[in-house]
Amino acid sequence: MNLLPAEIAVSSSAALRLVDSFGRVHDSLRLSVTDRCNLRCLYCMPESADDFQDADTLLSFDHITRVVRVLAAAGVTKVRITGGEPTLRSRLPELLARLAEIERIVELTMTTNGMRMDSLAEPLHAAGLKRVNISLDALTDEAFFRITRRRGLERVLAGIDATLNAGFESVRLNALAIREINEEQILPLARFAKDRHLTLRFIEYMPLGGDRTWKSEQVLSGAQVREMIEREFGPLIAIPRPHPSQPSTDFQYGDGTASIGFINPVSEPFCGACNRLRLTAAGALRNCLFSHREWDLSQLLVANADDDSVLHTIRQCLHAKEAGHLITEPSFRQPDRPMYQIGG
């Protein structure tokens, strides 16, 4: 059968896509730019963590840009900058500007703890960052310190204000809900976001902390948090998921003031629609937060290997991706790396 030129282009594009052995198309990259952080959140890293990558072992901006270009040519359109705390990476606006110039990247976002956004919101927005998620797990100094093991709530709140004033397309808040740790903060957080017409997403507690103290009994499910919210604010109205890969189940408040979402990887795993790859700050590619394997891209990049070789390793990583993370199964084993070393 002879194909018309347009059909050939479509066929070639489909062949280039990053598809795993379960048919999941991957168009999203979580890109960690540092493993350092100015907080010590109990769900992410040990309180005494100091084993951070030396600056000269981090992927250079040239190498990061190259990997993203290779991935973009294979269908990746979304890049989320993570850490550690990404704003601790020196000259971050310069990197963002370079990534924003990559033609096929249409969504450039970042997750941050907000501690440095009071001074960085405007330069990051000017560089091309479009959306920001800010982590906020508590609204009192005591609860904030209980979770982060550092002081700085006022800096985070100032960072939220600066981000809201900088003109981003979207600013969202993320909150971990942990039984007996910040349970009493759920309603104040919901009210804080609602009053500011901000989307807040509650995330279930996952076994990714460096202290390895996770217990399933501490997981507050999204359904339980939603029940608390509805008792206080009334019934929530479901918002259709725009794409199956979206991890959050979103709702609108009945009065239309704001939306709220629930990310439920423990009680309602969404692995079947996963579309994400992860690159650590040192250049290790991972196909899942909970993977026990990594594929080193840094050596290929240092050796100036051609794009086909880089893409071959990426496809090897993708082919090895499991069907799901199996958190609730007896065979589950927490990954050797905690969250801050993987990238959020």
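This report describes helix packing, the nonpolar core and selected loop residues in a predicted model.

## Basis of the description

In this predicted model, local features need pLDDT of at least 70 and side-chain atom pairs count only at pLDDT 80 or more, whereas totals for chains, interfaces and linings use all residues. Residues are numbered from 1 along each chain as its sequence is written, and side-chain values use heavy atoms, with hydrogens and water left out.

Helices (H or I, at least four residues) and strands (E, at least two) are DSSP runs, numbered from the N terminus.

## The nonpolar core

The largest nonpolar core has 104 residues, of which Leu31, Phe202 and Ile314 touch the most other members. A nonpolar core is here a set of buried Ala, Val, Leu, Ile, Met, Phe, Trp, Tyr and Cys residues joined through side-chain atoms within 4.5 Å. For accessibility, buried means under 20% relative accessible area, exposed over 50%, and partly exposed in between (1.4 Å probe, protein chains only). Helix H2 (residues 61-73) gives the most to this core, with seven residues.

Leu31 is in contact (heavy atoms within 4.5 Å) with Ile64, Val68, Val79, Arg80, Ile81, Thr82, Leu99 and Leu279, when its neighbours within four places in sequence are left aside. Ile64 and Val68 also take part in the meeting of H2 with H3, as does Leu99 on the H3 side.

## Packing of H2 with H3

The axes of H2 and H3 cross at roughly 25 degrees and come within 10 Å. Axes are lines fitted to C-alpha atoms, for helices over the stretch in contact, and angles run from 0 to 180 degrees between N-to-C directions. H2 and H3 are therefore roughly parallel to each other. By the convention used, angles under 35 degrees count as roughly parallel, over 145 as roughly antiparallel, 65 to 115 as roughly perpendicular and the rest as oblique.

The crossing of H2 past H3 is right-handed. A crossing is right-handed if the near helix is turned clockwise from the far one by less than a right angle, and left-handed if anticlockwise. On the H2 side, Phe61, Asp62, Ile64, Thr65 and Val68 meet Glu94, Leu95, Arg98 and Leu99 of H3. These residues divide into five nonpolar, one polar and three charged. In this classification Ala, Val, Leu, Ile, Met, Phe, Trp, Tyr, Cys and Pro count as nonpolar, Asp, Glu, Lys and Arg as charged, and the others, Gly among them, as polar.

Helix H4 (residues 117-127) packs on helix H6 (residues 153-165) at an angle of about 20 degrees, with the axes 8 Å apart. H4 and H6 are therefore roughly parallel to each other, and H4 passes H6 in a right-handed crossing. Met117, Asp118 and Ala121 of H4 meet Ala158, Gly159, Ala162 and Thr163 of H6. By class, this contact has four nonpolar, two polar and one charged residues.

Helix H7 (residues 186-195) and helix H8 (residues 222-233) pack at about 65 degrees, with their axes 10 Å apart. The crossing of H7 and H8 is right-handed. H7 contributes Ile186, Leu187, Ala190, Arg191 and Lys194, and H8 contributes Val225, Met228, Ile229, Glu232 and Phe233. The contact of H7 with H8 has seven nonpolar, no polar and three charged residues.

## The loop between S4 and H3

Gly84 lies in the loop between strand S4 (78-82) and H3. The peptide bond from Gly83 to Gly84 is cis, with omega near 25 degrees.

Ser90 is in the loop between S4 and H3 and is partly exposed, with a relative accessible area of 47%. The C-alpha atoms of Ser90 and Pro330, 240 residues apart along the chain, are separated by 42 Å. Arg91 also belongs to the loop between S4 and H3; Arg91 has a positive phi of about 60 degrees although it is not a glycine. Arg91 is partly exposed, at 49% relative accessible area.

## Other loop residues

Glu103 lies in the loop between helix H3 (92-100) and strand S5 (107-112) and is exposed, with a relative accessible area of 75%.

Asn304 is found in the loop between helix H9 (298-302) and helix H10 (307-319). Asn304 has a positive phi of about 55 degrees although it is not a glycine, and at 59% relative accessibility it counts as exposed. Glu322 is placed in the loop between H10 and helix H11 (339-342) and counts as exposed at 57% relative accessibility. Glu322 touches Phe22 and Arg24, not counting residues up to four places away in sequence.
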